[in-house]
Amino acid sequence: MAGAGTDAAPIGTGFTRPVAAIVGRPNVGKSTLFNRLVGARQAIVEDIPGTTRDRLYGEAEWRDRAFVIIDTGGLVPRAEEGYSALIREQVETAMVEADVILFLVDVTAGVTAMDSEIAEILRRTLRPGSGQAPKPVVLVANKADNPRRGEAAVEFYELGLGDPFPVSAHHDAGVRELKDRLIELLPPAGGEAAAGQLRLAVVGRPNVGKSALVNAVLGQERVIVSEQSGTTRDAVDTPFVYKDLPLVLIDTAGIRRPGKVERGIEKYSVMRAREAIERCDIAVLVLDATEKLAAQDLHIAGHVADASKGMIVALNKWDVVEDTEENREEYARKVLRRLKFTPWAPLAFVSAKTGLNVGGLLDLALEIGETRSLRIPTSEVNAALREAVAAHPPPSPGRRAVRIKYATQAEIRPPTFVFFANDASLIHFSYRRYLENHFRRRFGFEGTAIKLEFRSRRE
Ligand code: GDP
Ligand code: GDP
């Protein structure tokens with residue numbers, strides 16, 4: 001089975017579908033339900049390094065919605081006491097990777113200790129402030145082969161996860177209803193959502209040409225501006241269509257605070273930028289090519305990095321500079337030297353005045369929008385992790401060896417990778433930076449911040 005991981009590529013790369021994971025103790029019917037949901041389609045077995053299990057990925061479709069099902073099963077029953085850790089690992093990983101969790105129980109067995117243990121883990125993360133995004137859980141009561149057994153499902157209320165959903169995976173009863181419930185809970189596919197609303201914020205210091213650039217963007221030949229602009233407190237949102245894709249331009253330039261004198265204006269521009277950055281996918285940081293980079297520019301770029309957004313550095317007023325290869329290189333060097341927190345941000349040499357390369361700026365934004373929606377298959381993420389660790393093992397400060405066992409891409413927009421280690425607190429900042437650089441070399445992600453999270457997992 002090792003090596004099958006590369007076959008998993010079609011599931012992740014390039015397009016994004018929501019993911020549902022099936023969790024539950026052994027023998028409740030996970031593989032039976034998985035096969036029902038996937039139907040005749042091919043399942044893909046993925047060998048997860050550093051863990052004791054394989055898992056199955058399958059593509060499923062219901063009422064025109066495509067999604068991915070993971071069967072996290074494959075538990076190898078060794079010793080009874082070994083189960084606990086395995087189950088925790090299984091459930092935690094599912095919670096990281098999946099958008100919806102199907103928690104399967106067996107009505108013929110009633111509530112078992114292991115069911116309660118799984119429910120406890122699931123409930124913990126559903127609590128606000130758990131540090132994890134709450135994921136919907138559907139409690140599926142399997143083996144409800146007849147009405148009497150279906151009624152027995154009420155017993156599972158005590159798990160504190162809402163209404164048990166009776167099905168018989170084996171007899172294909174209740175499965176359609178379950179699929180209906182599932183697609184209600186799944187988020188829209190990444191591609192759809194990305195195309196639906198790519199939000200660009202135009203930010204920068206006063207007088208760099210933000211208003212002019214906004215006008216140049218909206219005045220592009222291929223841009224169709226919608227009538228309905230909306231003003232939020234500190235910005236104007238203008239929906240528009242470019243190359244058949246709907247975008248929103250968040251413009252912080254037009255609004256001037258009444259009664260404020262020039263003195264405070266730089267500060268307000270940073271505040272406005274910050275608010276716009278929070279709401280955008282990609283920030284267009286406008287710089288004036290005829291001026292030096294200022295502290296405010298670095299502050300704004302810092303906010304973009306902190307908020308894990310995409311960014312394009314627009315060197316505006318390029319009509320004033322002689323457009324030569326040498327000049328471009330020299331300016332790029334200067335800018336990159338100072339924008340240390342966002343070395344991944346591409347430059348666009350533009351002129352709002354003449355319209356130079358404004359279309360190129362929008363094309364770049366579309367590309368970055370796609371990059372932010374990429375999902376890297378777990379097998380490739382772990383191959384990259386193994387490579388990085390082999391080249392440079394994490395330094396172990398004390399007697400205890402630091403071991404990073406497993407990683408997975410948990411989210412898109414921004415691409416977010418979660419690393420599971422024996423003790424995450426021992427992983428130094430510089431090592432985290434090293435891993436990020438390694439992942440970027442391997443997977444690209446040009447134009448966007450990516451997030452790396454580290455979690456401890458008991459051995
Ligand atoms: P897993 O270990 O959770 O993946 O469970 P399996 O899918 O391998 O199923 C365990 C056993 O339960 C198998 O013998 C299945 O045939 C049986 N099973 C699965 N679903 C049902 C069901 O809906 N009704 C009944 N009666 N048996 C089922
Ligand atoms: P904002 O304060 O960032 O919104 O900047 P504005 O859009 O108001 O522009 C500030 C000044 O720069 C105005 O005088 C513009 O005419 C000028 N300007 C803006 N874009 C360009 C450009 O691409 N080239 C040149 N030469 N001047 C520009």
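Biologist: How far is an oxygen atom of ligand 2 from a polar backbone atom of Lys210?

Modeller: This is a predicted model, where local features need pLDDT of at least 70, side-chain atom pairs pLDDT 80 or more, and totals for chains, interfaces and linings use all residues. Residues are numbered from 1 along each chain, chains are lettered from A and ligands numbered from 1 in written order, and side-chain values use heavy atoms, without hydrogens or water. From the backbone of Lys210 to an oxygen atom of ligand 2, the distance is 2.8 Å.

Biologist: Which residue has a polar backbone atom 3.0 Å from an oxygen atom of ligand 2?

Modeller: Stay with the backbone contacts. The 3.0 Å distance belongs to Gly209.

Biologist: How many residues surround ligand 2?

Modeller: A residue counts if one of its heavy atoms lies within 4 Å. The closest include Asn207, Ser211 and Asp319.

Biologist: Which helix gives the largest share of the shell around ligand 2?

Modeller: Helices are DSSP runs (H or I, at least four residues; strands are E, at least two), numbered from the N terminus. The largest share is three residues. They come from residues 210–218, which form helix 8.

Biologist: Now ligand 1. Which residue has a polar side-chain atom 2.7 Å from a nitrogen atom of ligand 1?

Modeller: Fifteen residues lie around ligand 1, and Asn27, Lys30, Ser31, Thr32 and Asp145 come nearest. The side chain of Asn142 has an N or O atom 3.1 Å from a ligand 1 nitrogen. The 2.7 Å distance belongs to Asp145.

Biologist: How far is an oxygen atom of ligand 1 from a polar backbone atom of Lys30?

Modeller: Lys30 belongs to helix 2 (residues 30–38), which supplies three residues, the largest share of the shell around ligand 1. Here the contact uses the backbone. The distance is 2.8 Å.

Biologist: Is Asn422 buried or exposed?

Modeller: Asn422 sits in the loop between strand 17 (416–421) and helix 14 (429–443). Its relative accessible area is 8%. Under 20% (1.4 Å probe, protein chains only) is the cut-off, so Asn422 is buried.

Biologist: How much space lies in the second largest cavity?

Modeller: A cavity is a set of points, on a 1 Å grid over the protein atoms alone, where a 1.4 Å probe fits but cannot get out; lining residues have an atom within 4 Å of a point. The structure holds three cavities of 30 Å³ or more. Points join across faces, edges and corners, and volume is the space filled by probe spheres on them. For the second largest cavity, that is about 50 Å³.

Biologist: Which helix gives the most to the lining of the second largest cavity?

Modeller: The lining includes Leu200, Val202, Leu249, Val284 and Ile312. Strand 8 (198–203), helix 8 and helix 12 (358–372) are the elements that give two or more residues. With three residues, the most comes from helix 12.

Conventions: Polar contact = N/O pair within 3.5 Å; in protein donor to acceptor, adjacent residues only side chain to side chain. 1 Å grid on protein atoms, 1.4 Å probe; cavity = no way out; pocket = protein on both sides within 12 Å on 5 of 7 lines; lining within 4 Å. Buried < 20%, exposed > 50% of the residue type's maximum accessible area, 1.4 Å probe, protein only.
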